[in-house]
Amino acid sequence: MAHINLLPWREEALKAQKKQYFTILTAVGLTVLALVLMINFYFQARIDGQNSKNQYLKNEIAQLDIQIAEIRTLNDKKSALEKRINVIEQLQRSRNVGTQVLDEIAKIIPNGVYITEMEKQGNTLQLIGKSESNNHLANMIRAVELSDLFVDATPESITADDGSPKLLSSFKMKVKIKGLVDDASARKGSK
């Protein structure tokens, strides 16, 4: 007798195919998931490594900023000390200025010019006096310009005195002293 299979073999073959399909699909899904997780862990490790390098650099930059601030304060202190040293050196050079000024004035004043008042303000010396002629004043201005101690002789006024027995003219003149520190700037620099 012939064997006739009455069992639903097509449905069982279809079920077996579906089961095999879902098994392969699950294996592929798990493999893809594992691969994605491995790639994620790899890049996360690289990101964490870079973040730690960045944090290290930020810490080093903060330390360098502190050092730069210290250097700036040291530079400010250095420039303040240099200013003080310059002021002290200029004051040292100008400590005998009073005697030098009087000695130089005695050299530059020609006969016929008489100084009645002398006033020092900073490095400017104001001379007030009388002169027998304008030529004597011109000679005095030339002598000031040739002097080693004085510069910038600037006559402010020359007026004739009509009431005096000799025809004397009054004058005012400003002269600057070379290399002398202004008293105001010396006080500011020493603070």
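Modeller: Helices (H or I, at least four residues) and strands (E, at least two) are DSSP runs, numbered from the N terminus. Here, the chain has 4 helices and 4 strands. This is a predicted model, where local features need pLDDT of at least 70 and side-chain atom pairs count only at pLDDT 80 or more, while totals for chains, interfaces and linings use all residues. Residues are numbered from 1 along each chain as its sequence is written, and side-chain values use heavy atoms, leaving out hydrogens and water.

Colleague: In what order do the elements of the chain run from the N terminus?

Modeller: Read them off as α-α-β-β-α-β-β-α.

Colleague: Okay, and what is the order of the strands in the sheet?

Modeller: Two strands pair if DSSP finds at least two bridges between them. In this model the 4 strands make an open sheet in the order 1-2-4-3, with antiparallel pairing. Strand 1 (113–121) and strand 3 are the edges; each has a single partner strand, so one side of each lacks a neighbour in the sheet. From one strand to the next, the twist averages 20 degrees. (Axes are lines fitted to C-alpha atoms, for helices over the stretch in contact, and angles run from 0 to 180 degrees between N-to-C directions.)

Colleague: Which helices pack on the sheet?

Modeller: Look for contacts, meaning heavy atoms within 4.5 Å. Helix 2 (residues 97–108) touches strand 1, strand 2, strand 3 and strand 4, and its direction makes about 60 degrees with that of strand 3. Helix 3 (residues 134–146) also packs on the sheet, touching strand 1, strand 2, strand 3 and strand 4, but its direction makes about 165 degrees with that of strand 3.

Colleague: How many bridges join strand 2 to strand 4?

Modeller: Strand 2 (residues 124–131) and strand 4 (residues 169–177) run antiparallel, joined by 8 bridges. Lysine 130 faces serine 170 of strand 4 there, standing opposite it. Strand 3 (residues 150–160) pairs with strand 4 over 8 bridges too, again antiparallel. In strand 4, lysine 172 stands opposite serine 157, and phenylalanine 171 stands opposite isoleucine 158.

Colleague: Is leucine 35 buried, exposed or partly exposed, and why?

Modeller: Buried means under 20% relative accessible area, exposed over 50%, partly exposed in between (1.4 Å probe, protein chains only). Leucine 35 is in helix 1 (residues 9–93), and it counts as partly exposed because its relative accessibility is 47%.

Colleague: What percentage of the chain's residues count as buried?

Modeller: Of the 191 residues, 18% count as buried.
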